[in-house]
Amino acid sequence: MSKTYYNPDDLRKFSKITEWNEDLGNKFFDYYGKVFEEGALSAREKSLIALAVSHVVQCPYCIDAYTKDGLQRGIEKEEMMEAVHVGAAIKGGATLVHGVQMMNKYEKLSM
Amino acid sequence: MPLLKSLAARKDDLSKPANQLKFLSNGIFREEELPLFKDKIAESGNYPLKPKKLEILQLNLGYMCNQVCSHCHVDAGPDRKEIMTKETMQQCLEVIKTTGAHTLDLTGGAPEMNPNFRWFVEEASKAGIKDFIVRSNLTIILANKKYHDLPEFFRKHKVHVVSSLPFYKKEKTDKQRGSGVFDKSIKALQMLNAVGYAQEDSDLKLDLVYNPAGAFLPTNQQALEQDFKTALKEDFNIDFDNLFAITNLPISRFLEFLIASENYEDYMYALVEAYNPAAVENVMCTNTISISWDGWLYDCDFNQMLELKVDSKVQHISDYNEDLLNNREIRISQHCYGCTAGAGSSCQGSVA
Ligand code: SF4
Ligand code: SF4
């Protein structure tokens, strides 16, 4: 098998993170668990947000995990793809809006 | 994609239960990456697994089916010829009359395809069983003219119909069960509603069975039931009573899919990770006896498909003895993780 930086099997080992710092690790997982509970937003909505953010932060583990989570919840593939586009639009917009800074700097430096 | 033939007809290695069991005990389990089911349940003092009071007699009337679903744990299909004879049915009727079980559960294949199905239902319904279930794949009702009156027949005998519908959208259902299955299933559900199933003030019960269309576990049963109810009502004006969410067990054609799609290890990890000790108490083998088309006794339908007969002096319907059977130990292997993941899974849905 070819070696890559990301190994899909590592996702299963995520909980092992606590082994090297139990206190902080547990705090993180407690927080994480709480965040995804039903709240003002439904767990289903949170799953779609997580899927969009996974793409924005480009985390392959999270993309795998939240694609599976969406399937388990009966989320349709059209909904998943729209969520990804929301992420992409924000990311694209965020890149582009910095163009204003570039333009400002350009103007400032120019005679 | 739906397959055209059973593993048996393709003479696939996995069609032999011994090969499935061997596969399930090797690899990640032999290398001790994952604990054996036996050791896992021993942690909570549940090994050996023992039966409680018998509540459900499940009869498999044959492996013949008009569908060849890709996840089928029975490896059923039109090419399977195993079918329960009238003689074996007679033996079952004798047992039904004396059993302490309150539920009779007819399954297959498509149980309706057994030529003696109607005769048997008529006879068995006279035995005064409290809950008389027929597991119908729905499309059989439309498969041939001779089955069109099944809803009426079910109504007449007050049969509790439990129907598989993997999803409330066409794409996923057809992908798992075959092209056109969704539309026919919808039509069949409407026919059942029309004769009074799942209608207000009606005691005709219609439940649906959901199982994931792929290598993932079912989510919360109640949430799924709500989604199904809303979608089926809005889109097709269909009513049903309960939804049972069932986990796909890693045997037979679902095991074939897991191996071919390279999902087997991940799936087993997911099952073991979701292991719920509370579900062990109520796995369905603790209150069920499963009887095969040829009259052999098993702890459950899955053990039947793996040819793991009950571990008892009594192994055949012809010398059935409930007291003796109650003293047996239940035979288990790694496929049992499918019954104890999350909220647990049984023919009646979640158990924990
Ligand atoms: S309808 Fe049921 S028995 Fe028939 S192939 Fe599909 S899963 Fe198997
Ligand atoms: S597969 Fe059968 S024997 Fe194993 S736990 Fe489930 S019901 Fe019991």
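These legends describe close-up views of a predicted model. Residues are numbered from 1 along each chain as its sequence is written, chains are lettered from A and ligands numbered from 1 in the order in which they are written. Local features need pLDDT of at least 70, side-chain atom pairs count only at pLDDT 80 or more, totals for chains, interfaces and linings use all residues, and side-chain values use heavy atoms, with hydrogens and water left out.

**View 1. The largest nonpolar core has 107 residues.** A nonpolar core is a set of buried Ala, Val, Leu, Ile, Met, Phe, Trp, Tyr and Cys residues joined through side-chain atoms within 4.5 Å. Buried means under 20% relative accessible area, exposed over 50%, partly exposed in between (1.4 Å probe, protein chains only). B:Leu57, B:Leu59, B:Leu106, B:Phe154 and B:Phe228 touch the most other members. Helix α11 (residues 264-273) of chain B gives the most to this core, seven residues. Helices (H or I, at least four residues) and strands (E, at least two) are DSSP runs, numbered from the N terminus.

**View 2. Ligand 1 sits in the largest cavity.** A cavity is a set of points, on a 1 Å grid over the protein atoms alone, where a 1.4 Å probe fits but cannot get out. To sit there, a molecule needs more than half of its atoms within 2 Å of the grid points. Residues around ligand 1 (a heavy atom within 4 Å) include B:Cys65, B:Cys69, B:Cys72 and B:Arg253. The shell has five nonpolar, four polar and two charged residues. Ala, Val, Leu, Ile, Met, Phe, Trp, Tyr, Cys and Pro count as nonpolar, Asp, Glu, Lys and Arg as charged, and the others, Gly among them, as polar. B:Gly109 is also one of the residues around ligand 1. A cis peptide bond joins B:Gly108 and B:Gly109, with omega about 20°.

**View 3. Ligand 2 sits in the second largest cavity.** Among the residues around ligand 2 are B:Cys285, B:Cys300, B:Cys336 and B:Cys339. Its shell divides into eight nonpolar residues, two polar and one charged.

**View 4. A:Glu76 is in contact with chain B residues.** A:Glu76 lies in the loop between α3 (60-72) and α4 (77-109) of chain A. A:Glu76 is buried, with a relative accessible area of 12%. Leaving aside neighbours within four places in sequence, A:Glu76 contacts B:Phe167, B:Lys169 and B:Lys172. Contact means heavy atoms within 4.5 Å.

**View 5. B:Glu262 has a positive phi of about 55°.** B:Glu262 is not a glycine. B:Glu262 lies in the loop between α10 (252-260) and α11 of chain B. B:Glu262 is exposed, at 72% relative accessible area.

Terms used
1 Å grid on protein atoms, 1.4 Å probe; cavity = no way out; pocket = protein on both sides within 12 Å on 5 of 7 lines; lining within 4 Å.
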